[in-house]
Amino acid sequence: MTFEIALVLGILAISLILFVSEVVRTDLVALLVLGTLAVTGLVGSEDIFQGFSSSAVITVWAMFILSEGLTRTGIANVIGHQVLRVAGKREVPMILVIMLTSGVLAAFMNNIGVAALMLPVAVEVARRTRIPVSRLLMPLAFGTLLGGMTTLIGSPRNLLISEALSRGGYEPFHLFDFTPLGGALMITGVLFVGLVGRLLLPRTQVARSRQHSQRSLRSLYKLQEQTFLMRIPADSVLVGKTLADSRIGASTGLIILALVRNGRSETFPSRQMVLRGGDSILVQGRIHQFRELQRWSDLVIEREAPVLKSMVAARMAYAEAFLQDGSPLVGELVHQASFRNRFNVSIVGIYRRNQYRLTNLAYVPLRAGDRLLLQGETEDIANLEKHTDFQRVSVLSPENLQNVYKADEHLFVVRLPKYSDLADVTLRRSRLDDVFDFRVLAIFRDGKLTVMPRGDEVLVGGDLLLIEGQHEDLDVLRGLQELEVETRTVPSLGAFESARLTLMDATLDPRSTLAGKTVGELNFRKRYGIELAGIWREGGPLGTDLADERLQVGDALLLLGPRDRLQLLANDSDFLILTPLGQEPPDTGRARLAALIMFGVVASVMGGLAPIAVAAVVGGSIMVLTGCLNMEQAYRAINWQAIFLIAGMLPLGTAMQETGAASWLATQLMALLGDSGPWSVIMGLYVLTAMASMIIPAAVLVVLMSPIVLTAMADMGVLPHTAMMAIAMAAASFSSPISHPANILVMGPGGYRFIDYLKVGVPLTLVLFVAAMLLLPVFWPLNPVQP
């Protein structure tokens, strides 16, 4: 083994570890691989960026645009509804029709796009036929993967396999070269899932509940038993404040459903509605949230403390610091950043966009270049310059602090009763800083003063908390203590059934910009005028402490709000709506035109008039030119993460071939399998690829396997087409939800767990393996290399 081979294999091993661990985004891993190959000289500068100009990569992004054009014109939606209509109400025919329909569409459209398109259709069919949706959605995802096997443009991995053949000096695959074998495997897979695999699919109560009415959605998330009434006393300090200022919802994550005043109910009231004495507020939340609200009522607000303030002030200091670009803190919410634990300081304010923000900081995401106002002990403030997270740290004098920030902070003492529910709770879990923007500067306990206590400090009954905050925050705490909470009787839930307020099931679109963001950061009420009432993930609902949850593709979201607001989400590209609310069907006026353009692309390739990349780009351009979609929609349709992933990993395949690493790996494989002939090698390659596809993205896998296959087949003196076709079939993974976005997409709406994919996917993979080994000699017999 040469040094270059060892270096390439080292890069390969590290990249695979990063792919599997998901410590770094897959597209970033690919770009890091590209950069490493260039810096080490394993791939020349003239070849390092050839992946971006590869015909396979160009075809992939052009097919994203063509698929989006077919979706937006409604043709795929029409086909899906019409075909599903003939399936009747029986489970087996329904599974077969769903899989065949999604498979045929996926032969010419992007797999993820087909899954996203058919998901609401399948959920609606399940609702009407009373078939558990868990029996339909996994077959839907598998149908798209099987359909991707049938044509050259059915999946990016097919294009990459063909591209590898061309670069190796062999005849590439043509558009329908995959159809005989891929079509046979698709039929085999459909029959197996429809007749046998369906018996392994879950038939859970969750799946049955999800497909019913508003009442079933309430029951599923137990909303009825989580609904309570709160009354505002006539002399409350909250009188005259808006709902937003009262923080009744923000304090514990409660959802305000209605406000009752003088016998009249205002459903989903505006956050700017001013509270009056005697108002009743109908809120939704879990019992522990109300207990959290009530335990704050234990706190005894004793007095302001100017003398104590001067004592502590001698040990405290303020500083401004700019958040360094590249810091791991960038993107985190303020309360998640744990400044108190990391640096023993607190964030008091943020200067951004030429204005200062001093309140409601908990769910503000930190950004590079933010100017932070930090508070801490003098020594800790001085140590900030040693941390690489900050730059340009400057200590502020009291005069500068007042002149620049104009902060109106007051120090007061709060006593924790001896038998309070807050006793034995950590300071962080008390959430005093998140909810009220309070900063606990010190704790008096047994005559000892602890300054700047950390978040893991456990509160003890009898503690005196020295808290700094604004008068408004103090009033909010007093107001929440005054609320009269009625938990014994459940108020009328007519608001849920009203024309204004309703529940809707949705999931994130695979290309959603909301994925990875926290619920608190998104602020559904402010952004959409609705509330996120629940999240269903990996077979069960999450707790009600949703503010810190990061949304994931595959989550099922229970949304609550006025019907007209929820209907607007049908046109929001971040969501896929699972509960129909009377949305208008897509405009199919250009459906025939889109179908004609797609037919022209296929016909031009079959007739040899243009290469597939050229035909796809021209077809996509005509789609935009004729109004089937606009350029903004075309750009959004492209999965740029997949594009950068493929383009960044292609040079690694080149390096493996040019340095001899592929030859070395092929030799090791041949030694492992012994002198048993090419078919045994092909079987071994198929099994290796199928196993690796559970944890490695399919596009990356075929890029890495292609040079090994080409070298192994060349050493055996046979053309590589048979083995390359086997690799293309094996790379379609059914055994893991993380192996393909289509599998992830249906996980939440179907109520699936990881084990469910193994139960159905592993037997299906074995069946396809046997079928492929029997059919490959028929459709793709081995041919010797011509001298």
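A nonpolar patch lies on the surface, made of Leu28, Leu31, Leu32, Phe49, Phe52, Met631, Tyr635, Trp640 and Phe644. Together these residues have about 840 Å² of accessible area. The model is predicted, and the areas are computed from it.

Which helices each supply at least two residues of the patch? They are helix 2, helix 28 and helix 29. Helix 2 gives the largest share, three residues.

Leu32 belongs to both the patch and helix 2. Is Leu32 buried, partly exposed or exposed? Its relative accessible area is 46%. Buried means under 20% and exposed means over 50%, so Leu32 counts as partly exposed.

Five strands make up an open sheet, in the order 3-2-4-1-15. The pairing is antiparallel. Strand 3 and strand 15 are the edge strands, and each pairs on one side only. From one strand to the next, the twist averages 25°. In general, strands of a sheet pair through backbone hydrogen bonds.

Strand 1 and strand 15 run antiparallel and are joined by three bridges.

| Element | Residues |
|---|---|
| Helix 2 | residues 26-40 |
| Helix 28 | residues 631-637 |
| Helix 29 | residues 640-659 |
| Strand 1 | residues 227-231 |
| Strand 3 | residues 264-267 |
| Strand 15 | residues 484-486 |

Note on methods. Residues numbered from 1 in each chain as written. Predicted model: local features only at pLDDT ≥ 70, side-chain atom pairs only at ≥ 80, totals over all residues. Heavy atoms only, no water. Pairing = 2+ DSSP bridges. Helix = DSSP H or I, 4+ residues; strand = E, 2+ residues; numbered from the N terminus. Axes fitted to C-alpha atoms, helices over the stretch in contact; angles between N-to-C directions. Patch = residues over 30% accessible without salt bridge, like charges linked within 9 Å, V, L, I, M, F, W, Y side chains within 5 Å. Areas by Shrake-Rupley, 256 points an atom, 1.4 Å probe, with all protein chains shown as cover. Salt bridge = Lys/Arg side-chain N within 4 Å of Asp/Glu carboxyl O. Buried < 20%, exposed > 50% of the residue type's maximum accessible area, 1.4 Å probe, protein only.
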